[in-house]
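Hi there,

Here is the structure I promised to pass on to you. Have a look at it first, and then read on for what turned up.

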Amino acid sequence: MTDGEALQALTITASDGQLALAGEIDAHTAPQLGAAIAEVAAPHVVLDMSAVEFVDSSGLRVLIEAHKALEENGGRLVLHDPSPAVRRLLEVSGVGDHLHVEQL
Amino acid sequence: MSNHAVREFRGTSDFADVSAARRFVRSQLVDIDPAVSSDMQLAVSELVTNAIEHGHADTVIVDISCVDGEVILVVTHPGTTDDLPDVDSWQPAPPEALAGRGLGIVRHLATSVSMRRLGDRVSITVRRALA
């Protein structure tokens, strides 16, 4: 793997109901995120999105699915400290108000 | 500034090529407003993903140019214009919708979008003015 490819990957680090995401979320890596959220045992899931370099509608789809699934079970999905790429996607897609976003 | 580059993604079998398409666009837009470059990377990601999702991945051609104060992104893939909704209907999806959001996002990012049929291929042109 070259350094360039390493930068493309999505890295997910889990700790106490919080998932720290780093890298790019697209159709290739979004299933990895969906699986990681589903594995969190807690009803409240916090995603640290400060190191997300790219996200598109495939990533957004996973976030909306997880948001719905957690809310239906009395839980909550929080998008914590969204990076500029995340904020831009929330803005252009018009779903920013629909999800729980925690700006720093 | 004026430049033009084309890259073909052949035999695209999974979504790994989507990031390659973004890298290609980024590599061609190094001298412009980073916000515009980011938006065009998002646009190409949506269009190439859409092409692969609809089974038209055998050849996806990404053409990017920067000329006369605008960035022009053209994504061409096998298929017909019947495979895609009219550009006028590329609207934001409701917040709770799961699918069908990509084209509305592309429309939002673009100054203009057009679509045309070229024989057995369909070509989508996204124009974005440089502020």
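Start with Asp39(B) and Arg88(A): in this predicted model, their side chains form a salt bridge, with 2.6 Å from N to O. In total, 3 salt bridges are counted between chain B and chain A.

Both of these residues also take part in helix packing. Arg88(A) belongs to helix H4 (residues 84–93) of chain A. Together with Leu89(A), Val92(A) and Ser93(A), Arg88(A) meets Ile105(B), His108(B) and Leu109(B) of H3(B). The axes of H4(A) and H3(B) come within 9 Å and cross at roughly 100 degrees, which means that H4(A) is roughly perpendicular to H3(B). By type, the residues of this contact are 4 nonpolar, 2 polar and 1 charged.

Helix H2 (residues 34–53) and helix H3 (residues 102–109), both of chain B, pack at about 150 degrees with their axes 9 Å apart. That angle is over 145 degrees, so H2(B) is roughly antiparallel to H3(B). The crossing is left-handed.

Now for the two chains as a whole. Their contact takes 26 residues from chain B and 21 residues from chain A. About 2,000 Å² is buried between the chains, and carbon and sulfur atoms give 57% of that area. Which three residues supply 27% of the area that chain B buries against chain A? They are Arg22(B), Pro95(B) and Leu98(B), more than any other three residues.

Happy exploring!

Note on methods: Residues numbered from 1 in each chain as written. Chains lettered and ligands numbered in written order. Predicted model: local features only at pLDDT ≥ 70, side-chain atom pairs only at ≥ 80, totals over all residues. Heavy atoms only, no water. Axes fitted to C-alpha atoms, helices over the stretch in contact; angles between N-to-C directions. Helix = DSSP H or I, 4+ residues; strand = E, 2+ residues; numbered from the N terminus. Parallel < 35°, antiparallel > 145°, perpendicular 65-115°, else oblique. Left-handed = near helix turned anticlockwise from the far one by under 90°. Contact = heavy atoms within 4.5 Å. Nonpolar A, V, L, I, M, F, W, Y, C, P; charged D, E, K, R; others polar. Buried area = accessible area lost by both parts, 1.4 Å probe. Salt bridge = Lys/Arg side-chain N within 4 Å of Asp/Glu carboxyl O.
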